[in-house]
Amino acid sequence: MAAAAEGVPETHREEPVRDDAAVETAEEAKEPAEADITELCRDMFSKMATYLTGELTATSEDYKLLENMNKLTSLKYLEMKDIAINISRNLKDLNQKYAGLQPYLDQINVIEEQVAALEQAAYKLDAYSKKLAKYKKLEKR
């Protein structure tokens, strides 16, 4: 009744009924024999060594692959450097040849201007000769 006075319902005051068949009892852990532990440890260390060897081998192979890739990349860059040097050398040669040809190119430009002036003079002379031909015809009449 004291519990009911405190606000706890009567159904919760009763203790649960225990069923001894449902309760498990703890058993003492038995340690395996000393020889079994030693063999299991050897087996574990052997398997761990195999695993670590595999991991280290994979890492080593990755580094070898990276090393080979770096060597090939280095060779490609050396080839590209040689190509760039050849291109630079050829460009310098072409610039020197162009500089050597520049006076001739300037002469060609002067000749072209003179030819254009002669052409204009020839057109004027042609027009003048046509006028003269007409004038001679008129004079003959």
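**Salt bridges in the predicted model.** Five salt bridges are counted in this structure, a salt bridge being a side-chain nitrogen of Lys or Arg within 4 Å of a carboxyl oxygen of Asp or Glu. The model is predicted, with local features requiring pLDDT of at least 70 and side-chain atom pairs counting only at pLDDT 80 or more, whereas totals for chains, interfaces and linings use all residues. Residues are numbered from 1 along each chain as its sequence is written, and side-chain values use heavy atoms, with hydrogens and water left out.

**View A. The salt bridge between Lys64 and Glu61.** The side chains of Glu61 and Lys64 are joined by a salt bridge with an N to O distance of 3.9 Å. Because Lys64 and Glu61 are three residues apart in helix H2, about one helical turn separates them; helices are DSSP runs (H or I, at least four residues), numbered from the N terminus. Lys64 is partly exposed, its relative accessible area being 44%, and Glu61 is partly exposed at 44%. In these legends, buried denotes under 20% relative accessible area, exposed over 50%, and partly exposed the range in between (1.4 Å probe, protein chains only).

**View B. The salt bridge between Lys71 and Glu67.** An N to O distance of 3.6 Å characterises the salt bridge between the side chains of Glu67 and Lys71. Both residues belong to helix H2, where Lys71 and Glu67 are four residues apart, about one turn of the helix. Lys71 is partly exposed, with 48% relative accessibility, and Glu67 is likewise partly exposed, with a relative accessible area of 42%.

**View C. The salt bridge between Asp126 and Lys130.** The closest N and O atoms of Asp126 and Lys130 lie 3.6 Å apart in this salt bridge. Helix H2 contains both Asp126 and Lys130, four residues apart, about one turn of the helix. Asp126 is partly exposed at 37% relative accessible area, whereas Lys130 is exposed at 51%.

**View D. A nonpolar surface patch that includes Tyr98.** Tyr98, Leu101, Tyr104, Leu105 and Ile108 make up a nonpolar patch on the surface, and their accessible area together is about 520 Å². Patches consist of residues with over 30% relative accessible area and no salt bridge; nonpolar side chains (Val, Leu, Ile, Met, Phe, Trp, Tyr) are joined within 5 Å, and like charges within 9 Å. Accessible areas derive from the Shrake-Rupley method with a 1.4 Å probe, and for residues only the protein chains shown count as cover. Tyr98 is located in helix H2 (residues 34-140). With a relative accessibility of 49%, Tyr98 counts as partly exposed.

Methods:
Helices (H or I, at least four residues) and strands (E, at least two) are DSSP runs, numbered from the N terminus.
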